[in-house]
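This report describes a protein model and its two ligands, with attention to the annotated sites and the residues around them.

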Amino acid sequence: MAEAPFNKHFPVSWEELHRNAKALAWRLIDRGPWKGIIAITRGGMVPAAIIARELEIRMIDTVCVSSYDHQQQRNATILKGVEGANAGDGEGWLIIDDLVDTGKTAEIVRKMLPKAHFATVYAKPAGRPLVDTFITEVSQDTWIHFPWDIELQFSQPIAKQRNG
Ligand SMILES: O=P(O)(O)OC[C@H]1O[C@H](OP(=O)(O)OP(=O)(O)O)[C@H](O)[C@@H]1O
Ligand SMILES: O=c1[nH]c(=O)c2nc[nH]c2[nH]1
Ligand SMILES: [Mg+2]
């Protein structure tokens, strides 16, 4: 697939992620009770852990999907489904991911668990219709940099970045 043009960059700190995942937990608590959480690996595991702590959910399983090599999207591969969780059609279950971008990953997981509630911390417009609950929307040409993918380093002044 062609490289997506990500013109904007949206770095997220651990504190921001924690705060936003907690905000998501606040939105989800009244929609429960939940039978358990299905985290979409790997990005979904971090918000899933925070939400599980806040909602006192101890039943957690994973769906293992891989679809990006950094910013390059390729065909999604399902490495593991949810056989262990006995989640049936997903009724009463919460699916957690860090974000929806094109919505490809969400589409695949929704097919596995059509009645589950799909929640993410971030959403881009193309994926937004596939999510039941999210916290922050960013534009489609924005790349979100999660805290586990980045480290502190020198940053060019904006003027230099714009002048090339
Ligand atoms: O809406 P989409 O276009 O499908 O993109 C969203 C998915 O892409 C990222 O996962 P990725 O496949 O990069 O794997 P990772 O979570 O292991 O980093 C992200 O964590 C979402 O799961
Ligand atoms: O770290 C990430 N940031 C993103 O914006 C994104 N979109 C798809 N997959 C992604 N991973
Ligand atoms: Mg992911």
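## Ile144 and its surroundings

Not counting residues up to four places away in sequence, Ile144 touches Phe10, Val12, Leu99, Tyr122, Lys124 and Val138, where contact means heavy atoms within 4.5 Å. Ile144 is found in strand E8 (residues 142-145); helices (H or I, at least four residues) and strands (E, at least two) are DSSP runs, numbered from the N terminus. With a relative accessible area of 4%, Ile144 is buried. Here buried means under 20% relative accessible area, exposed over 50% and partly exposed in between (1.4 Å probe, protein chains only).

## Basis of the model

This is a predicted model, in which local features need pLDDT of at least 70 and side-chain atom pairs count only at pLDDT 80 or more, while totals for chains, interfaces and linings use all residues. Residues are numbered from 1 along each chain as its sequence is written, chains are lettered from A and ligands numbered from 1 in the order in which they are written, and side-chain values use heavy atoms, with hydrogens and water left out.

A pocket is defined on a 1 Å grid over the protein atoms alone, as an open set of points where a 1.4 Å probe fits, with protein on both sides within 12 Å along at least five of seven lines; lining residues have an atom within 4 Å of a point.

Asp101 is placed in the loop between E5 and helix H3 (104-112). It is buried, its relative accessible area being 10%. Apart from neighbours within four places in sequence, Asp101 is in contact with Phe6, Tyr68, Lys124, Ala126, Gly127, Gln140 and Trp143. The side chains of Asp101 and Lys124 are joined by a polar contact of 2.8 Å. A polar contact is a pair of N or O atoms within 3.5 Å; within protein, one must be able to donate a hydrogen and the other to accept it, and residues adjacent in sequence count only if both atoms are side-chain atoms.

## Surroundings of ligand 2

Tyr68, Leu99, Asp101, Lys124, Trp143, Ile144, Phe146 and Asp149 surround ligand 2, a residue being near a molecule if one of its heavy atoms lies within 4 Å of it. A side-chain N or O atom of Asp101 is 2.6 Å from a nitrogen atom of ligand 2, and a side-chain N or O atom of Lys124 is 2.8 Å from an oxygen atom of this ligand. Ile144 contributes a backbone N or O atom, 2.7 Å from a nitrogen atom of ligand 2. Taken alone, ligand 2 exposes 280 Å², and the protein buries 88% of that; accessible areas come from the Shrake-Rupley method with a 1.4 Å probe, and for residues only the protein chains shown count as cover.

## Surroundings of ligand 1

Which residues come nearest to ligand 1? Of the 15 residues around this ligand, they are Tyr68, Asp97, Asp98, Thr102 and Thr105. A polar side-chain atom of Asp97 lies 2.5 Å from an oxygen atom of ligand 1, and one of Arg42 lies 2.6 Å from an oxygen atom of the ligand. From Asp101, a backbone N or O atom lies 2.8 Å from an oxygen atom of ligand 1. Ligand 1 taken alone exposes 500 Å², of which the protein buries 88%.

## The longer annotation

A further "binding site" set in UniProt (unreviewed entry) includes Arg42, Gly43, Arg74, Asp97, Val100 and Asp101. The lining of the largest pocket takes in these residues, among them Arg42 and Val100. Arg42 is found in the loop between E2 and H2 and is exposed, with a relative accessible area of 70%. Val100, by contrast, lies in strand E5 and counts as buried at 4% relative accessibility.

## Helix H2

Helix H2 (residues 45-55) has Pro47, Ala48, Ile50, Ile51, Ala52 and Leu55 buried. These buried residues pack against helix H1 (14-29) and strands E2 (36-41), E3 (60-69), E5 (93-100) and E6 (117-123). After H2 comes Glu56, with a positive phi near 55 degrees.

Notes. UniProt positions are given in the numbering used here, feature names are shortened, and annotations may be inferred rather than shown by experiment.
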